[in-house]
Amino acid sequence: ELTGRMTMGPDSKGVEEAVLELLRQNEKKIIFDMSGVPYVDSSGMGSIAYCFAKVMRVEGGFRIAGLDPAVKRAFAITRLDSVLPFYPSVPAASADFTLGPSPGAHNPW
């Protein structure tokens, strides 16, 4: 569960480190609950893309759930919405989980 603004700084790096630690523990199904994130800058988006790439490299599954409409627009502007899998809620993301490549173009929103 992510909360607050995702901007340049230690918070974005903390997310990356947390994902790397989960992967070291062989946890390969990761959902970012972003319902508590009102703003993401380019550095925050880069951090999310980095995490997605790391999870895909180990053939895991990566989902993003609960985006604020303004944050969703930022992902659309950068076209990351055509790569990253978004879901309206954590239960929806969890229900669609299958281990393997995430359906990047599959966005049920």
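**Close-up views of a predicted model**

View 1. Phe62 counts as buried because its relative accessibility is 0%. The model shown in this and the following views is predicted. Three aromatic pairs are present in the structure. In one of them, the ring centres of Phe52 and Phe62 are 5.6 Å apart and the planes stand at 75°, so this pair is edge-to-face. Distant parts of the chain are linked by the pair: Phe52 belongs to helix H2 and Phe62 to strand S2, 10 residues apart. Phe52, with a relative accessibility of 13%, also counts as buried. Phe32 joins Phe52 and Phe62 in a cluster linked by ring pairs.

**View 2. The largest nonpolar core.** This core has 23 residues. Those with the most contacts inside the core are Phe32, Met34, Ile48, Phe62, Ile64 and Phe75. At least two residues of the core come from each of helix H1 (10-24), strand S1 (29-33), H2, S2 and H3. H2 supplies the largest share, five residues.

**View 3. The surroundings of Ile48.** Ile48 is one of the residues with the most contacts inside the largest nonpolar core. When residues up to four places away in sequence are not counted, Ile48 touches Met6, Phe32, Met34, Phe62, Ile64, Phe75 and Leu84. Among these neighbours, Phe32 and Phe62 also belong to the cluster linked by ring pairs.

**View 4. Arg63, a buried charged residue.** Arg63 is part of strand S2, which covers residues 61-65. Arg63 is buried but has no salt bridge. What is the nearest side chain of opposite charge to Arg63? That side chain is Asp96, at 4.4 Å. The side chain of Arg63 does make a polar contact of 3.5 Å with the side chain of Tyr87.

View 5. Side chains of opposite charge can pair when their charged atoms come close. The count of salt bridges comes to one. Glu21 and Arg24 form a salt bridge in which the closest N and O atoms are 3.1 Å apart. Glu21 counts as partly exposed because its relative accessibility is 33%. Arg24, at 60% relative accessibility, counts as exposed.

**View 6. Glu59, a loop residue with positive phi.** Glu59 is placed in the loop between helix H2 (42-57) and S2. What is the phi of Glu59? The angle is near 60°, a positive value in a residue other than glycine. Glu59 has 60% relative accessibility and therefore counts as exposed.

**View 7. Arg79, another loop residue with positive phi.** The loop between helix H3 (69-77) and strand S3 (86-87) contains Arg79. Phi of Arg79 is near 70°, again positive in a residue other than glycine. Is Arg79 buried or exposed? At 59% relative accessibility, Arg79 counts as exposed.

Methods:
Residues are numbered from 1 along each chain as its sequence is written. This is a predicted model: local features need pLDDT of at least 70, side-chain atom pairs count only at pLDDT 80 or more; totals for chains, interfaces and linings use all residues. Side-chain values use heavy atoms; hydrogens and water are left out. Helices (H or I, at least four residues) and strands (E, at least two) are DSSP runs, numbered from the N terminus. Buried means under 20% relative accessible area, exposed over 50%, partly exposed in between (1.4 Å probe, protein chains only). Lys and Arg count as positive and Asp and Glu as negative; His and the chain ends are not counted. A salt bridge is a side-chain nitrogen of Lys or Arg within 4 Å of a carboxyl oxygen of Asp or Glu. A polar contact is a pair of N or O atoms within 3.5 Å; within protein, one must be able to donate a hydrogen and the other to accept it, and residues adjacent in sequence count only if both atoms are side-chain atoms. Rings of Phe, Tyr and Trp (its six-membered ring) pair if their centres lie within 6.5 Å; planes under 30 degrees apart count as stacked, over 60 as edge-to-face and the rest as tilted. A nonpolar core is a set of buried Ala, Val, Leu, Ile, Met, Phe, Trp, Tyr and Cys residues joined through side-chain atoms within 4.5 Å. Contact means heavy atoms within 4.5 Å.
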